[in-house]
Amino acid sequence: MTALVRYQLTTLLLSQRYLAPLLLFTALVTVLTSDDTGPLTATHAASALAVLLAATWLTMALAGLDDPPHRAVLTAATGGPRRLATGTVLAALAACLPLTVLGLVLPLLVGSHSPTAADLLLGAEAQLTCACTGSAVGLLAARPVVRRQGHGLVLALALLLVLTLGKGLPPVNVLLTRLSGHHRSADLIGSTGLLLALAAALLGAAAVLAHTVAVRRD
């Protein structure tokens, strides 16, 4: 499994398809949090939204690296579609992990904040929640679930709009609403942890669906 994840990450790096989502993420975080002196909870909301968009794009790029013939060869070499699906999820999480770190650190560098341990823990939970959710959306909008890139882009945009704008819809809308309110970080750690668990469950469900579609089409 380690070799498969390493292969997928290396292929992503060599393809340079990570550059666009990385640049989008950096631009969004810099613009949204530059010279920010407000509460860190609102800052975490802005950077988490950037992580959500970038993680979706990055996962779509990763899952769509191989065309059907190459995917068939990779499936046979890795021991079946289940291992390939698991490797893709792990590779997506590994690729999104630097985004969560940057989403936590960049606002502290470009803004004026004195974070506490509770602020940092809440920020990490928020970034990871949006990273898992974005990866889930990316898996559902990429091959083998959606074969055409244009259709996948439309589906990804639709899902992101629903997740972010759907009032009271967990995990993203609830997360952003709570972080944008006037709350202390320590008061939100527990509820945000539950949202992170839900986001991880959504990612698992998306991986199962992608695996099921791959098996039926193969």
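**Basis of the description**

Helices (H or I, at least four residues) and strands (E, at least two) are DSSP runs, numbered from the N terminus. This is a predicted model, in which local features need pLDDT of at least 70 and side-chain atom pairs count only at pLDDT 80 or more, whereas totals for chains, interfaces and linings use all residues. Residues are numbered from 1 along each chain as its sequence is written, and side-chain values use heavy atoms, with hydrogens and water left out.

**Threonine 41 in helix α3**

Threonine 41 is located in helix α3. This residue counts as buried, at 2% relative accessibility; buried means under 20% relative accessible area, exposed over 50%, and partly exposed in between, with a 1.4 Å probe and protein chains only.

Contact means heavy atoms within 4.5 Å. Leaving aside residues up to four places away in sequence, threonine 41 touches Leu122, Leu179, Gly181, His183, Ser185 and Leu188. A polar atom of the threonine 41 side chain lies 3.2 Å from the backbone oxygen of leucine 179. A polar contact is a pair of N or O atoms within 3.5 Å; within protein, one must be able to donate a hydrogen and the other to accept it, and residues adjacent in sequence count only if both atoms are side-chain atoms.

**The nonpolar core**

A nonpolar core is a set of buried Ala, Val, Leu, Ile, Met, Phe, Trp, Tyr and Cys residues joined through side-chain atoms within 4.5 Å. The largest such core has 49 residues, and those with the most contacts inside it are Leu12, Phe25, Leu139 and Leu179. Elements that give two or more residues to this core include α1 (2-15), α3 (40-63), α6 (117-140) and α9 (185-217). Helix α3 gives the most to this core, with 12 residues.

Leucine 139 touches Thr59, Ala63, Thr88, Val89, Val145, Leu203, Ala206 and Ala207, not counting residues up to four places away in sequence.

**Asparagine 173 in helix α8**

Helix α8 holds asparagine 173, which is buried with a relative accessible area of 9%. Beyond residues up to four places away in sequence, asparagine 173 touches Leu163, Thr164, Leu165, Gly166, Lys167 and Gly168. A polar atom of the asparagine 173 side chain is 2.7 Å from the backbone oxygen of threonine 164.

The C-alpha atoms of asparagine 173 and leucine 161 are separated by 9.9 Å, the two residues being 12 residues apart along the chain.
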